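Have the sequence at hand as you read.

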Amino acid sequence: MTAAMTVRIAPGDEFDKCLALRYAVFVDEQKVPIDLERDAYDAAALHLLGEVGGTPMGTARVVFQDDYAKVGRVCVTQAARGTGLGKKLMQEAIAQAKAKTGVRRVILQAQLTALGFYEALGFVAHGGIVMDAGIEHRDMELILP
């Protein structure tokens, strides 16, 4: 039997779980400097927490601005990669954007290695390669129906 996989909005008192996941993936695994991993958007963002069998294994955040939602800090632990948890996180982020009045598009900056993942969800890359924390990224956008 496969462990239950859930994605939910993380209440404020569970933000530390999201941070622990982000640090494990971005700081420890990808060597992103710790001072670049946190930013001012964390305070206003909607944080999603993905769990497998009740264990936190993925997170993402959504920042609402003007007519768009910016998804970022999407990560899944090595143990949960390939399980569909990342897709469930993104589907929930998109659902949250659709539910917000006035939001017409979802944007993000994808690591080059993840372009195919986001394209499969309907995102379209545009512009050139940009560097963020020493990692190559491209801007992507999903126009909401």
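What follows covers the aromatic rings and then the nonpolar cores of this predicted model.

**Aromatic rings**

The model has two aromatic pairs, listed here with their geometry.

| Pair | Centre to centre | Angle between planes | Type |
|---|---|---|---|
| Phe 117 and Tyr 118 | 4.9 Å | 75 degrees | edge-to-face |
| Tyr 118 and Phe 123 | 6.0 Å | 80 degrees | edge-to-face |

Phe 117, Tyr 118 and Phe 123 make up one aromatic cluster. Elsewhere, Lys 100 sits over the face of Phe 64, 4.9 Å from the ring centre.

In soluble globular proteins, nonpolar side chains tend to be buried together. Here the largest nonpolar core holds 29 residues, and those touching the most other members are Val 71, Leu 85, Met 90, Leu 108, Tyr 118 and Phe 123. Which elements each supply at least two residues of this core? They are strand 2 (46-52), strand 3 (55-65), strand 4 (68-76), helix 3 (85-99), strand 5 (105-111), helix 4 (115-119) and strand 7 (135-143). Helix 3 gives the largest share, six residues.

Leaving aside residues up to four places away in sequence, Leu 108 touches Val 71, Met 90, Tyr 118, Phe 123, Arg 138, Asp 139 and Met 140. There is also a second, separate core of eleven residues, with Ala 10, Val 32, Cys 75 and Ile 135 among them.

Conventions
Residues numbered from 1 in each chain as written. Predicted model: local features only at pLDDT ≥ 70, side-chain atom pairs only at ≥ 80, totals over all residues. Heavy atoms only, no water. Phe/Tyr/Trp six-rings, centres within 6.5 Å; stacked < 30°, edge-to-face > 60°. Lys NZ or Arg CZ within 6 Å of the ring centre and 35° of its normal. Core = buried A, V, L, I, M, F, W, Y, C linked by side-chain atoms within 4.5 Å. Buried < 20%, exposed > 50% of the residue type's maximum accessible area, 1.4 Å probe, protein only. Helix = DSSP H or I, 4+ residues; strand = E, 2+ residues; numbered from the N terminus. Contact = heavy atoms within 4.5 Å.
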